[in-house]
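Let's take a walk through this one together, with charged side chains and aromatic rings as our guides. Have a look at the model first.

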Amino acid sequence: MSIQDRYRLWSENSYFDEETRLELKNITDPQEIEERFYTDLEFGTGGLRGIIGAGTNRMNKYVIRKVTQGLAECVCDLGEEGMKRGVVIAYDSRRFSPEFALEAALVLARNGIKVYLFEALRPTPELSFAVRYLQALAGIVVTASHNPKSYNGYKVYWEDGGQVPPAKADQILARINARESWLGIETLSVEEAKQLGLLQIIGQDIDEPYLARVHELALYPELDKEKGKDLQIVYTPLHGAGNMLVRKALAELGFSSVTVVAEQEHPDPNFTTVPYPNPEIPATFELARKYGKALEADLLLATDPDADRLGVALRTPEGDYLQLTGNQIGIILTYYILSQKKALGILPDNAAIIKTVASTDLADQVAQYFNVRAENVLTGFKFIAEKEKEMEEGGWGSFQFGFEESYGYLAGDFVRDKDAIIASVILAEAALYYQQVEKRNFFAVLDSIYQQFGYYLEDQESLTFEGKRGKEEMALIMDSFRNLDIHEMCGILIGRVDDYEQRIGKDLRTGENYSLKLPRSNVLRYSFAEGGFVMVRPSGTEPKIKFYFSVKGTTLEEAEDLLHGVKEDVMYRIAKIRTGKL
């Protein structure tokens, strides 16, 4: 169908509700019609994410129906057992999240599939837990994570609690694409689904066993219970799904001095108190800082709307708050878990950590120091979860901790995705341990790590490319980098270049090529000979190219200068590419 044919179908056919048809008829800009209908919203390995609105390239209940029908057919392929095991559905605080979740539930029920639907918003990691706990076949969470308020999304999980693996995602996509028509996908009513035993509402019956498992991760529960009240914490859920579980998880362990930012406590799909509901962005801590200064709090914690990411800010000696990077949080947690498990005599001989290729190489050095295996995977927490599963099933590694630089962390074996509730608990305990036992704060801990292993500094830049033309420009930039023969950046020699799209690496010091074992992905990584890297990749969920920078210096000042220079070098090259001068 042409763009105009699609537009006419959606704006005229009575299958689409009056609100949808009216929204489309009121569009007067031909380019807006093209953007909404030139393609279908892409179903990637994790699911969908897009701007809310009418059209095939937008998030709406009809897109939800079509994608869910594809998932339903894959479930039904596995017969009655798969249909009885069913699908668990959770959702966050975004616009239409409850409605989209219910729409998906009722499409599945229409196909005879059992559905477990959370009674109210819940974090993404609890959905991962629930799939495993209920022994369901699959899971869905309706969320756009930390994206702007205009977005929503739909992520699919499989029976191991991890995001749906590529092979299964391809099967679902094939079923979605095989249905050319948007018409005729029907739902059951709520009443009928319940009467048939196909819709079960869940809530506290999942919360309690999940929190029990979270508490098991505490290394010093007696210290937490005795001294936890002495750690002053300010927490903000940023209007999202983390409020109840983060507070309960901390309180039940003994961290009773937790103050919640009242203005950001309750769900708000417009995220009116923040420009962007992402704990990576300093502005999201503005209100928390005010609370922190008034209370002289030790820690500020922030979780994103679906509570799978955790941001942290620490009180400085001057009484202000300094936000940690995702890499710094990951290093603190890696060092705490490995060092304290070793001290307690509970670090397994085959212990392993997992991180992404976009995350600091300092973690590899810390792991090596504790004689722990470090596995590197592609960007995206699903790859960390897949590697954890591989370790578990193969018996060749005991997973201790995993992280990615974009504020995602995981410990334990009962969740297969990043988990801000788990991270909040371990981080609070680590802060308490260093405060009460070693009489130092996280700044001192980080500095001692840097002194031992080198001063690693990281940063990230993103360039946004909206719409069809943006996709073309992103492709041009990636192709240009592949064709450039780069041996240094800002005078720093490059040791290796890894092209994960071609699955080939080259050692620039010897001139030898080697094969890359990780799956194919549109990623270029330039590793500096003396430590650190620059990595370039298009985002899998946003219309952006992301640039990751990591440098290693002998002092903090040297590392800061190197980081500034490398960033300038890369951005200069990008500007030349975009203007056709390179």
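At 25% relative accessibility, D17 counts as partly exposed (buried means under 20% relative accessible area, exposed over 50%, partly exposed in between, using a 1.4 Å probe and protein chains only). This is a predicted model, where local features need pLDDT of at least 70 and side-chain atom pairs count only at pLDDT 80 or more, while totals for chains, interfaces and linings use all residues. Residues are numbered from 1 along each chain as its sequence is written, and side-chain values use heavy atoms, leaving out hydrogens and water.

So who does D17 meet? Its side chain joins K61 in a salt bridge, 3.1 Å from N to O (that is, a side-chain nitrogen of Lys or Arg within 4 Å of a carboxyl oxygen of Asp or Glu). K61 lies in helix α4 (residues 61-76) and D17 in the loop between α1 (3-12) and α2 (18-25), so the pair ties together parts that are 44 residues apart in sequence. Helices here are DSSP runs of H or I with at least four residues, and strands are runs of E with at least two, numbered from the N terminus. K61 is partly exposed too, at 26% relative accessible area.

The whole structure holds 41 salt bridges. Another of them pairs D308 with K418, with the closest N and O atoms 3.7 Å apart. D308 sits in the loop between β9 (299-303) and β10 (310-315), and K418 in the loop between β15 (408-410) and α17 (420-436), so this bridge ties together parts that are 110 residues apart in sequence. D308 is buried, with a relative accessible area of 1%, and K418 is buried at 6%. D361 and K355 make a bridge as well, at 3.6 Å between the closest N and O atoms, and both residues are buried. Elsewhere, E23, E32, R36 and R58 are linked in a network of salt bridges.

Now for the rings. Phe, Tyr and Trp rings (the six-membered one for Trp) pair if their centres lie within 6.5 Å; planes under 30 degrees apart count as stacked, over 60 as edge-to-face and the rest as tilted. By this rule there are 25 aromatic pairs. W10 and F37 have ring centres 5.9 Å apart and planes at 75°, so they are edge-to-face. This pair links distant parts of the chain, with W10 in helix α1 and F37 in helix α3 (residues 30-37), 27 residues apart.
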